[in-house]
Amino acid sequence: MNNNKSNENPVYKVGIYLEQNFKPSNGIYMNIASYVHDNASDEQNARQMLETLLDGMGIPSSELQKMAELLTEREKEPTSNWITLTARGKRKIEDYIRELQAKRKEILDAGKDTADETPIPTIEDIMSEIPVFEENGQYLNTWGATDNYNADYELSLIRGLDYTAKCSPGHKLLTDIDWDEGDDPSDLDDPMFAPPTLPTELEVEESMYGDEIADYLSDTFGYLVNGWAETSRVEAE
């Protein structure tokens with residue numbers, strides 16, 4: 001298990017390690033990692049919880065210990081506390097939950113499925129997942145409506161527009177990112193050519209500056225950037 005991925009939070013590191021090395025199971029490994037992170041009282045307790053939850057998987061003792069260390073290396077704080085929703089983001093989540101509830105009712109009323117193992121998420125449930133599944137300033141995930149049917153579309157949340165987040169160790173925060181999306185009106189009028197919704201807030205490693213940041217942003221998103229503001233991790237929190 002690689003313990004040096006400084007650009008990933010502990011929950012994500014552990015979840016990805018399990019997903020890559022063991023058969024995926026509907027995101028259950030991310031849920032296990034998040035649960036242990038939020039509830040373990042100390043490293044020993046985290047180790048015990050992991051041994052119980054991952055019993056029978058044949059994970060080496062040394063790897064379990066590394067995971068326990070990762071999940072208790074920072075202050076104990078629910079992952080939902082890392083996130084602050086904007087009014088737009090809260091509205092999008094509320095709409096998504098309502099549509100999930102409506103689809104669930106339709107399916108159950110028709111007797112097409114059960115919902116014994118698929119609770120409808122709360123706003124807090126979704127907020128807890130954002131730090132785990134965020135990639136390049138965007139959270140994308142499809143939640144289940146019933147045991148065998150998912151929502152009709154992915155919930156998409158953009159950092160800086162739908163939510164803001166605490167800065168991870170070893171990183172600094174870019175805010176007010178000004179993307180150069182072009183100014184050809186024909187592009188904007190045609191959905192086929194209109195630019196995607198890009199994040200206005202992102203984390204980058206503390207060692208990155210100037211042109212290196214600009215190159216990273218353009219390489220990652222495919223758009224040039226006109227400018228941004230920088231905030232250190234301490235200032236961001």
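Q: Why is the contact between the side chains of Lys66 and Glu63 called a salt bridge?
A: A salt bridge requires a side-chain nitrogen of Lys or Arg within 4 Å of a carboxyl oxygen of Asp or Glu. The N to O distance for Lys66 and Glu63 is 3.7 Å, and the pair therefore meets the 4 Å limit. The model is predicted: local features need pLDDT of at least 70, side-chain atom pairs count only at pLDDT 80 or more, and totals for chains, interfaces and linings use all residues. Residues are numbered from 1 along each chain as its sequence is written, and side-chain values use heavy atoms, with hydrogens and water left out.

Q: Where do Lys66 and Glu63 lie?
A: Both residues belong to helix α4 (residues 61-71), three residues apart, which is about one turn of the helix. Helices (H or I, at least four residues) and strands (E, at least two) are DSSP runs, numbered from the N terminus. The chain comes to nine helices and seven strands.

Q: What makes Glu63 buried or exposed?
A: Buried means under 20% relative accessible area, exposed means over 50%, and partly exposed lies in between (1.4 Å probe, protein chains only). Glu63 has 9% and is therefore buried. Of the 237 residues of the chain, 42% count as buried.

Q: What makes the side chains of Lys172 and Glu230 a salt bridge?
A: The N to O distance is 3.1 Å, and the contact therefore qualifies. This pair links distant parts of the chain, with Lys172 in strand β5 (residues 171-180) and Glu230 in strand β7 (residues 224-231), 58 residues apart. Lys172 is buried at 7% relative accessible area, whereas Glu230 is partly exposed at 38%.

Q: Which residues do salt bridges that share partners join into one network?
A: The network consists of Glu134, Arg159, Glu201 and Glu203. The structure holds 11 salt bridges.

Q: Why is the set with Leu18, Val36, Leu50, Leu54 and Met67 called a nonpolar core?
A: A nonpolar core is a set of buried Ala, Val, Leu, Ile, Met, Phe, Trp, Tyr and Cys residues joined through side-chain atoms within 4.5 Å. The five named residues have the most contacts inside the largest such core, which has 23 residues. The elements that give two or more residues to this core are α1 (10-21), α2 (28-39), α3 (43-53) and α4. A second, separate core of 19 residues includes Ile97, Trp143, Ala145 and Leu157. In soluble globular proteins, nonpolar side chains tend to be buried together.

Q: What does Leu18 touch, not counting residues up to four places away in sequence?
A: Leu18 touches Tyr29, Leu54, Ile59 and Met67; contact means heavy atoms within 4.5 Å.

Q: How do you know that β5 and β6 pair?
A: Two strands pair if DSSP finds at least two bridges between them. β5 and β6 have four bridges, in the antiparallel sense, and therefore pair. Leu174 stands opposite Leu202 in β6.

Q: Why is one side of β6 and of β7 left without a neighbour in the sheet?
A: The open sheet of three strands has the order β6-β5-β7, with antiparallel pairing. β6 (202-205) and β7 stand at the edges, each with a single partner strand, so each lacks a neighbour on one side.

Q: How do you know that the span of α5 agrees with its 23 residues?
A: The expected span is 1.5 Å times one less than the number of residues. For α5 this gives 33 Å, and the end C-alpha atoms are 33 Å apart, so the values agree. Buried residues of α5 include Gly89, Ile93, Tyr96 and Ile97. What covers the buried residues of α5 includes β1 (83-85), α6 (123-133), β2 (138-141) and β3 (155-158).

Q: What makes Thr175 count as buried?
A: Thr175 has 18% relative accessibility, under the 20% limit, and therefore counts as buried. Thr175 is found in strand β5. Not counting residues up to four places away in sequence, Thr175 touches Thr200, Glu201, Trp228, Ala229 and Thr231.
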